[in-house]
Amino acid sequence: MLNVYIHPKKSSWAELLSRPEKDPSKLNTQVSQILDEVKRRGDEALKDFSKEFDKVDIKDLKVSQEEIDKAQDLISKDLFQAIKEAHKNIYTFHKGQVFSGKHCQVTPGVECWQKSVPIEKVGLYIPGGTAPLFSTVLMLATPAKIAGCGEIVLCTPPSKDGSVNPAILASAKVAGVSQIFKVGGAGAIAAMAYGTKTIPKVYKVFGPGNQYVTLAKQLVSLKDVAIDFPAGPSEVMVLADSSSNIEFVASDLLSQAEHGVDSQVILLTEDEGIVPKIISTVKKQLDELPRKEIASKSLENSRIIVLSSTRKMMEFANLYAPEHLIIETKDYKELALQVVNAGSVFLGGLTPESAGDYASGTNHTLPTNGYAKAYAGVSLDTFMRKITFQHISKEGISSIGKIVETMAEAESLNAHKNAMRLRRLSLEDNLNV
């Protein structure tokens, strides 16, 4: 159950800010072997790993068009309608992020501008274990499609019968995925990073996963493929006070705790009086959850922290840099202005984190483990590259020519200096003719 800390001294904050730790060195050998096998043996290695890890004998790694077309009929009409409505909202939010580059005359005769171009080939990893994340298909494929990515490849582990969860397939069809493959874990990351006979190599890999997937992404990103960002177990931080609805607060904590045994939830409050009520309500709601065992393990990593003021609460929150930050205090609008580090922020008592996970339109693929201090969550820009252009006229040579030469000479890069000097002198010669 949640660990409670009442007015902890600032000297103890470092420990309270820590996440559950796992030693990646123990996984390194196993994951590296998987990557090497896929790089060397391609499809055959992937099929062997499916037998070993997924306990299924896959004959054809690629999902057929027939399987994709049948998927809609294998889920309820209500779920398919929900998928379409969520896709519409996600599309609307991300479409609003389209970049419009402006030409800028930085000095007379020197014009610079940017053009935004899509990453041509992207790979999406969708977990399919205890909770097949079909919502993540929408979160990744929708902005990729808006961006104009030419090839959108999706990998997801098969079920024991060799099929792919139909909600994943239906979501992929709605969002415009190009090709889908029955491959999971570190092997899927290797396949998209290196390419095999069946699975094309991509330029950037996106998506969440377990510790094996996370480490595989980090290893292949060293030289073979780009990745969205480093990631770890999911997390939420909730800020509450005496005005907060205790039922809502408890449900917000549990909605993240049920993600996995290594997830972490933290409650910050300046009102010590609500702590027993929250603990009692969490216990009551926990007993009703199908994933009670998973959530219970997560709560062992989790904390309720009572601080003396909202100023200290915000200071702590910004140091923690949570993946999800829910502010359901009476002054949530004021506290929102003080947020510096967070993946995604949910304001007010009627805005649960689950809204962002599914259908409000914002992206739920977010930096964890404190990486929100340096990384943003997935957006349209994540699937784009900005290329800079510049054009210099005769007037521009006059404006910056000698500046360039002086700086290049100071760095002992005389060829750089000469490239500008020759142009400047040629123009001066023409003027003197």
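What follows is a chat about helix packing, salt bridges and nonpolar cores in a predicted model.

Reader: How do the axes of α2 and α3 cross?
Author: Helix α2 covers residues 25-41 and helix α3 covers residues 43-54. Their axes come within 6 Å and cross at roughly 140°.

Reader: Why are they called oblique to each other?
Author: The crossing is roughly 140°, and roughly antiparallel would need an angle over 145 degrees, so α2 and α3 count as oblique.

Reader: Which residues make the contact?
Author: From α2, Gln30, Ile34, Glu37, Val38 and Arg41. From α3, Asp43, Glu44, Ala45, Leu46, Asp48, Phe49 and Phe53.

Reader: How do those divide into nonpolar, polar and charged?
Author: Six residues of the contact of α2 with α3 are nonpolar, one is polar and five are charged.

Reader: Salt bridges next. How many in the whole structure?
Author: A search of the whole structure gives 18 salt bridges.

Reader: Which residues are joined into one network?
Author: Glu37, Arg40, Arg41 and Asp48, through salt bridges that share partners. Of these, Glu37 and Arg41 of α2 and Asp48 of α3 also take part in the helix contact.

Reader: What does Lys59 pair with?
Author: Lys59 forms a salt bridge with Asp57, with 3.2 Å between the closest N and O atoms. Lys59 is exposed, at 66% relative accessibility, and Asp57 is partly exposed, at 41%.

Reader: And where do Glu66 and Lys70 lie?
Author: Both are in helix α4, residues 65-71. They are four residues apart, about one turn of the helix. Lys70 is partly exposed, with 47% relative accessibility.

Reader: Which pair links distant parts of the chain?
Author: Asp241 and Lys330 do, 89 residues apart. Their side chains meet in a salt bridge at 3.7 Å, N to O. Asp241 is in the loop between β9 (235-240) and α10 (246-257). Lys330 is in the loop between β12 (324-327) and α14 (332-336).

Reader: Is Asp241 buried or exposed?
Author: Buried, with a relative accessible area of 4%.

Reader: New topic. How many residues has the largest nonpolar core?
Author: It has 38 residues. Val122, Leu124, Leu154, Val177, Ile180 and Phe383 have the most contacts inside it.

Reader: Which elements give two or more residues to this core?
Author: Helices α4, α5 (77-95), α6 (134-147) and α7 (166-175), with strands β4 (121-125) and β5 (151-156). Helix α6 gives the most, eight residues.

Reader: What is Phe383 in contact with, leaving aside neighbours within four places in sequence?
Author: Val117, Pro118, Ile119, Val122, Leu124, Leu140, Pro143, Ala144, Ala147, Cys149, Phe206 and Val378. Two of these, Val122 and Leu124, are also among the core residues with the most contacts.

Reader: What does the second, separate core include?
Author: The second core has 33 residues, including Leu61, Val153, Ile199 and Leu215.

Reader: Last one. Where is Thr214?
Author: Thr214 is in helix α9, residues 211-220. Its relative accessibility is 15%, and the cut-off for buried is under 20%, so Thr214 counts as buried.

Reader: What is Thr214 in contact with, beyond neighbours within four places in sequence?
Author: Thr214 is in contact with Gly209 and Ala231.

Methods: Residues are numbered from 1 along each chain as its sequence is written. This is a predicted model: local features need pLDDT of at least 70, side-chain atom pairs count only at pLDDT 80 or more; totals for chains, interfaces and linings use all residues. Side-chain values use heavy atoms; hydrogens and water are left out. Axes are lines fitted to C-alpha atoms, for helices over the stretch in contact, and angles run from 0 to 180 degrees between N-to-C directions. Angles under 35 degrees count as roughly parallel, over 145 as roughly antiparallel, 65 to 115 as roughly perpendicular and the rest as oblique. Contact means heavy atoms within 4.5 Å. Ala, Val, Leu, Ile, Met, Phe, Trp, Tyr, Cys and Pro count as nonpolar, Asp, Glu, Lys and Arg as charged, and the others, Gly among them, as polar. Buried means under 20% relative accessible area, exposed over 50%, partly exposed in between (1.4 Å probe, protein chains only). A salt bridge is a side-chain nitrogen of Lys or Arg within 4 Å of a carboxyl oxygen of Asp or Glu. A nonpolar core is a set of buried Ala, Val, Leu, Ile, Met, Phe, Trp, Tyr and Cys residues joined through side-chain atoms within 4.5 Å.
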